[in-house]
Every structure is written in structure tokens, then in C-alpha cells.
Amino acid sequence: MNKVAIYVRVSTLEQAEHGYSIDEQIAKLEKYCDIKDWVVYDKYIDPGYSGSNLERPAIKRLVNDSKSKRFNGVLVYKLDRISRSQRDTLYLIEEVFNKNEVSFISLNENFDTSTTFGKAMIGVLSVFSQLEREQITERMQMGKVGRAKAGKAMNWSRPVFGYEYVNGEYEVNEFEAKIIKRMFEDYMAGISITKLRDKMNEEGHIGKEIPWTYRTIRQTLDNPIHAGFIRFKGEIYPGNHEPIISKELYDNVQEELEIRQKKTYEQNNNPRPFQSKYMLSGRIRCGYCGAPLTIQISKLKDGSRRYRYTCKNRNKAKTGPTIYNDGKKCESGSYFLKDLEAHALNQIEKLQLNPKLVEEMRQDRKEVDHTEDYQKRIVQLNKKIEKLSNLYMSDMLTIEEVQDKSKPIKKEIKSLEAKLHDAKSSNIENKAIKWVHESHVNVKEEPYDKQKEIVNTLIDKVSVTAEQIKISWNF
């Protein structure tokens, strides 16, 4: 290692309480470089920035220069200078520095990833990072359960049809409430969900700007919120809001839903509510010949059924307008449906635990042409922030002045980065990425129909061979 980058950061509060001044950090780091006979490539300075996240101009420049391999080492005075988040520290070390053959050294902790001990410490950081993620998730879940037990609204960002969200609580929307009452009463009068849907849409899909669907009506009839309750993680709690229908009517509808559903199963001799609509339907392909995989159902001696996916070309060559494998028979095997579905859900869960994987998958994608103006402007704004940092270093500006002047600049950068992201992504891609970053559901505990919806949002194609299952995502 002969060329290093020095990174320094200080917040106003830290400088006042602990004396972590920019000049002192740089002086000690430069002396250390002299002792080691290292050349300082550049100094990356973030004055007045919190270490709680990576939204800092100098750290972003450091990441970009690391990927460009402009140096082979990063030196900091103390580990918390690079970040106060275990997850962000681990991300920088493993996903940025190590992948680009850049060593990371912290002077105060004698932490050096080029040594055996330093590499072992990465594992320790990884353990604590995982613990931090799990603690955050646990606290969020506890907070949500507490909110549900207190009878408070759980999805205030998008109120359930029939209610409005006002000052933290649900309030009845009188017009929508009449539609809800009519829906429950008509269903109990013997009208099917399909006829309810058609009837409401013929009348101008009343209460909604978009047409009613079978699914939305089915979900409405199943939602206990209309009877004055809150449902969270399969548990039902008394709510603080005013009910639209009586609990008796709600319970009667639930019984009727179950009775009609059983009749449908018996008529169709199908254990699932929707025939041929499995989680990976339309997305799963043979990894050998590219043909679609189709479901094969076998009856077992105990009366249960076994579901397997097999290649369309396995028994005989495909004929017709679409021909796979040059019309030859495919020698692929069969795969258990539950194993493939479990794999898909496991991969989605991994993305939820580490959303940064999404950006890794998208790194090699080309940027669209009209992003150039956004990128140029972001570069110009980052240079302005860098100039402010230099003025602070030269004692020509105070920390307070730097923060005040950089605030509108950072706001514009954030806005441009959002536009740049939108310009790069399609609507499907945006929806998939948003789900990964914002959804907090446990995908493995969701109902089957909901799991299928999540798979459709995130997965474009699944290619299967005996050796591997390859998922192509919508981002």
C-alpha cells in the first residue's frame, strides 16, 4: 500500500465536546502517513456532517474514487469518523473498499483490513450489524403491535375505503360508508362478489375513481376495520374508531364467505381458490431449453396432492407458433413447487434485509441519455460544497456559515438525485425498488395471494435447472 486517501469528519457538537477538530485529525493522519512512507492521494473532508448516514459530499466522492481505484488505502483517525452506523461501516468496508482492493485503516483503534486481525474484525462488525438490523426490526414490530393493541390506525398513509385519516385516527367518510354498508348487506342477501363488482361498475364504480375488482371487494368484505376492529399480524384488536357495520353483520359475512368458498372448491375439485394461478405462474422457465414450466398434479394414496413443475418440452417437442429447443425433446427433470416458491420467498427476504443488493444488481445498467444534465448539475453543486469546505479549512467561514450556505445546495442535490433515479427507472422498476426499501411485511407470513402479488412486483423471470435457480428481477 503506497497511496492513501485521508477521510476526516466532524460535527459542531463533537468539536465543542471532544475536540475532534479537522486540523487535528489531518495533522495526526499525515504524520502517520510520513511514518509509514505513504503518499496522500487526497483529503476528503466533511465538516459539520452527522455520521448517522452516508448523505455527505466527501464520503460520496470517496466511494466513487474507490471504485475508480485512484488509491489503495483509506485512512481515518477513528472508526466512527467514517460512520456511526455499523451497517454503513460494514457496507463501505465490504462492498466498496474490499471489492476494489482498497484497505481501510483506523488510526485510533489500530484497525487495518490489510492484516489478518483486521479481516477477522470485519466478521465481528458483520455480527453486530446483523444484531443492529434485528433490533431495529424488533423495535418497529413492537411499536406496531403496541399501536394495534391501543386500537390506533395502522395504515394511515392510505386510509381504508370508508374512512379518512384525521389527526392520527380514522374518521368515517359518510358517502363511502353507505357503499360499505350496501356491499355487506347485498352479499348477505345472496349476491355474489362477481355480480357485486359488475353492478357497482355499471353504476359508475361508485366511490372510486378506478373500477372495482373482485379482489378489492373480497378484501373489503374480509376487513374487520369496518366493524370497529384493527387487524395486525393475524391478530384482531378493538379499535378506537367508529364502526360502519355491526360486528354481527361482519361475522355473518365471514361465515358466508367460507361456505361459498368451500362450495367453489368442491365444484372445481381444486384445493386452491384460483385454478392455475400459482405464485410463479407465467414467470418460470426451463433453464436448459427456455420453454415455460407447467404444473403437474399427482394424487397420493392418502388423498393429498403433490405439485411439481415440469418443462413443456420434457415429454414431447413443442409445436405451434412458439418452438423451443429447436423442436427437440428436453431432458430436464421435474421440480417440487413448494421448493421453488420457498426459494423465491427466501431471496425476497434477503433483499428486505439488505436493500443495498438492489443497487449492486443495477450497477451495470446503462443510464438513459437525458440524465446527463442532472449529472452535470450534481457535479457542479458538489463542487460548491467542496469550496465551502475549503473556505472553512482556511478559517474564512465558520461551521455555522458552512451549514447555512450548504443547506439549499444539498436540498437541490437531493431533488436532482430523485429526478435522476426516476429518469433511469421504468414504472415497474420504480415499484419494485420502492417495495424493497419501504415494505416491512414478513413475506413468509403473508397470505398466498399476497405473496403472489409481491412476487409479480419484484420478479421478472425464474430460470430453473437441476443445478441452480436463477432469478431475474424487475430492477
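A residue counts as buried when its relative accessible area is under 20%, as exposed when that area is over 50%, and as partly exposed in between. The model described here is predicted. By this criterion, 37% of the 475 residues of the protein chain are buried. The accessible surface of the chain amounts to about 27,200 Å², with carbon and sulfur atoms contributing 48%.

The protein chain contains 16 helices and 15 strands. Of the contacts between residues at least 6 apart in sequence, 62% join residues at least 24 apart.

Three of the strands form an open, antiparallel sheet in the order β11-β12-β13. Its edges are β11 (293-299) and β13 (334-336), each of which pairs on one side only. From one strand to the next, the twist averages 35°. Strands of a sheet pair through backbone hydrogen bonds, in either a parallel or an antiparallel manner. Strand β11 is joined to β12 (residues 305-311) by 7 bridges, and the two run antiparallel. Within this pairing, Gln296 is placed opposite Arg308 in β12. Helix α11, comprising residues 337-353, lies across β11, β12 and β13. The helix runs at about 65° to β13.

Side chains of opposite charge can pair when their charged atoms come close. The structure holds 13 salt bridges. One of these involves Asp186 and Lys199, whose closest N and O atoms are 3.7 Å apart. This pair links distant parts of the chain, with Asp186 in helix α7 (residues 174-188) and Lys199 in helix α8 (residues 193-202), 13 residues apart. Asp186 has a relative accessibility of 16% and therefore counts as buried, whereas Lys199, at 31%, counts as partly exposed. Both residues also belong, together with Arg182, to a network of salt bridges.

A further salt bridge is formed by Asp251 and Lys247, with 2.8 Å between the closest N and O atoms. Because these residues lie 4 residues apart in helix α10 (residues 247-268), about one helical turn separates them. Asp251 has a relative accessible area of 29% and is partly exposed; Lys247, with a relative accessibility of 44%, is likewise partly exposed.

The side chains of Lys99 and Glu95 also meet in a salt bridge, with an N to O distance of 2.9 Å. Glu95 counts as partly exposed, its relative accessibility being 23%.

How values were computed
Residues numbered from 1 in each chain as written. Predicted model: local features only at pLDDT ≥ 70, side-chain atom pairs only at ≥ 80, totals over all residues. Heavy atoms only, no water. Buried < 20%, exposed > 50% of the residue type's maximum accessible area, 1.4 Å probe, protein only. Contact = heavy atoms within 4.5 Å. Areas by Shrake-Rupley, 256 points an atom, 1.4 Å probe, with all protein chains shown as cover. Pairing = 2+ DSSP bridges. Axes fitted to C-alpha atoms, helices over the stretch in contact; angles between N-to-C directions. Salt bridge = Lys/Arg side-chain N within 4 Å of Asp/Glu carboxyl O.
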